[in-house]
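Let's walk through this model together, from its packing to its bonds and charged pairs. Keep the viewer open as you read.

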Amino acid sequence: MPRHLLYLIVFLEGFCSLGAEVIALRRLVPHVGSSIVVTAPTIGLFLLALALGYASGARVSERFTAVVARNFLVSALLVGLGLARVTVDGLFAHLQPAGVAYLLFVGGVLCPVAWLLGQTVPVLTNLMKHMRTGEASGYALYWSTLGSFLGSVSLALLVMQWLGVSAAVLVCALLLAVGSLLLGGAGWRPRGAALGAALLAGGINLFPPNRVEDTAYADYAVAPVTLPEHTNPRAFWVNNSLASLLDDSEPPRYARYVQHLRRILLDDLALRGKTVLVLGAGGFTLSHREPSNRYTYVDIDPKIREIAETRFLKAPIRGEFIVDDARRYVRATATRYDAVVVDVFSSHTSIPGHLVTREFWQDARRALAPEGVLLANLILDGKLETPYARNLLATIESVFGRCGVDVLHRGQPLSNVIVSCQAGGQPSRDTPYSDERNGADVDLARSR
């Protein structure tokens, strides 16, 4: 085999193997989020399968190019079909709990791809007989690792950003089909197999059965829903989670938590001519037909505005839109807002891990004016009894002091919980009352 062709094959292996891992992590976000308890096992299982692939490749003693050609072809089918959005969504829709679907996806799609492609370098180094063993393996690993670097960077920062996740899946599948064709010879069978894999991958990724727009950060869909006493209601779905509601009533009706937030801002706080920072754009309904205040939306996905304006609001958003990470923005901004609304989710119940820590809430507090108020929309259990609910609320109050907590759906397992905190609040060490030491009367007098 010509040296340049061999290096091209191991480059494609590195490009597509790590590309498949990046795509798999992104496909998991709408269903299980992007927390460390999801990403760490996924990466670990991928590396384990890759290591087993290295060991399997070391045992191959004949038909070297035919083995790699077969592996590339099977990987092209696994990537093109298994990483398609319709496949992943269907898997999580029909298998419960989500952990079962996760294991089947990682064990049935991602790990086999890693195992098959991991065989490439040890198998093809058998063809480098004109080089020393160390030289052959060193150059093969160099080109494979270079492919991994360029695959992860180009797919995540270029293809996904400009064309979407489905396009990234198709790129990997096509490159693997090309690699199989280069190794499979000039017969009609390898050509037909590679072409068939490419067509299948193109069909399922270019023409999905439902209208969902996927970007590097989220899946978006707008669909009609049936709600009593609403006129033509439509829902804005982000990562398979209901982010916003809007109908054609006069005045329009919104999701219950948005109406609650608007009531706090406009009625309870009577904000007029004030500045409101919204972390997490959703459907931009908080400022819809609301001319009283100046709104600034911050969201990490640059495409969410266009999707919301053209398909959901069907009108320009009211307010300023800034593309940035929420934590980075509140840490860097010099503006002090009269209200900060935190509404950030990567899936239905998953808030990105760096946006629940004490340090984030401290940064959010610094973005408030001295008399400002922070409002946070959280999705927690209705009774606030889980460790996550208790610890998250305790983390917020460790920064702001005592905050108001409104549970909107108390009878449901999961509920929108609106937390209201004052910028001037101070954490305090509370002293419980007891029969032995009851200072309630003194405290009440001091509070008047």
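Helices (H or I, at least four residues) and strands (E, at least two) are DSSP runs here, numbered from the N terminus. A few ground rules before going on. This is a predicted model, where local features need pLDDT of at least 70 and side-chain atom pairs count only at pLDDT 80 or more, while totals for chains, interfaces and linings use all residues. Residues are numbered from 1 along each chain as its sequence is written, and side-chain values use heavy atoms, with hydrogens and water left out.

Buried means under 20% relative accessible area, exposed means over 50%, and partly exposed is anything in between (1.4 Å probe, protein chains only).

Now for the nonpolar packing. In soluble globular proteins, nonpolar side chains tend to be buried together. A nonpolar core here is a set of buried Ala, Val, Leu, Ile, Met, Phe, Trp, Tyr and Cys residues joined through side-chain atoms within 4.5 Å. The largest one has 66 residues, and those with the most contacts inside it are Ile23, Val79, Leu83 and Phe105. Helix H1 (residues 3–32) gives the most to this core, with 13 residues. If you click on Val79, you'll find that it touches Ala20, Ala84, Val113, Val169, Cys172, Ala173 and Leu176, leaving aside residues up to four places away in sequence. There is also a second, separate core of 38 residues, which includes Val238, Ala243, Tyr254 and Phe284.

On to the cysteines. How many disulfides does a search of the whole structure find? It finds one, taking a disulfide as a pair of cysteine sulfur atoms within 2.5 Å. The partners are Cys403 and Cys421, with their sulfur atoms 2.1 Å apart. The torsion about their S-S bond is about 115 degrees, so the disulfide is right-handed. Cys403 lies in the loop between helix H14 (387–400) and strand E10 (404–407), and Cys421 in strand E11 (residues 414–422), so the pair ties together parts that are 18 residues apart in sequence. Both cysteines of the pair are buried.

Cys172 is in no disulfide either; the nearest cysteine sulfur, that of Cys16, is 4.6 Å away. At 0% relative accessibility, Cys172 counts as buried.

A quick stop at His260, in helix H10 (residues 256–268). His260 counts as buried at 12% relative accessibility, and its contacts beyond four places in sequence are Asp406, Leu408 and Ile418.

That leaves the charged pairs. The structure holds 13 salt bridges, each being a side-chain nitrogen of Lys or Arg within 4 Å of a carboxyl oxygen of Asp or Glu. One of them joins Glu213 and Arg311 (3.1 Å, N to O). This pair links distant parts of the chain, with Glu213 in strand E1 (residues 213–214) and Arg311 in helix H11 (residues 304–313), 98 residues apart. Glu213 is partly exposed at 31% relative accessibility, whereas Arg311 is buried at 13%.

Asp363 and Arg366 also form a salt bridge, with their closest N and O atoms 2.0 Å apart. They are three residues apart in helix H13 (residues 358–366), so about one helical turn separates them. Asp363 is buried, with a relative accessible area of 2%, while Arg366 is partly exposed at 46%. Salt bridges that share partners join Arg327, Arg331, Asp363 and Arg366 into one network.

Note on methods. Contact = heavy atoms within 4.5 Å.
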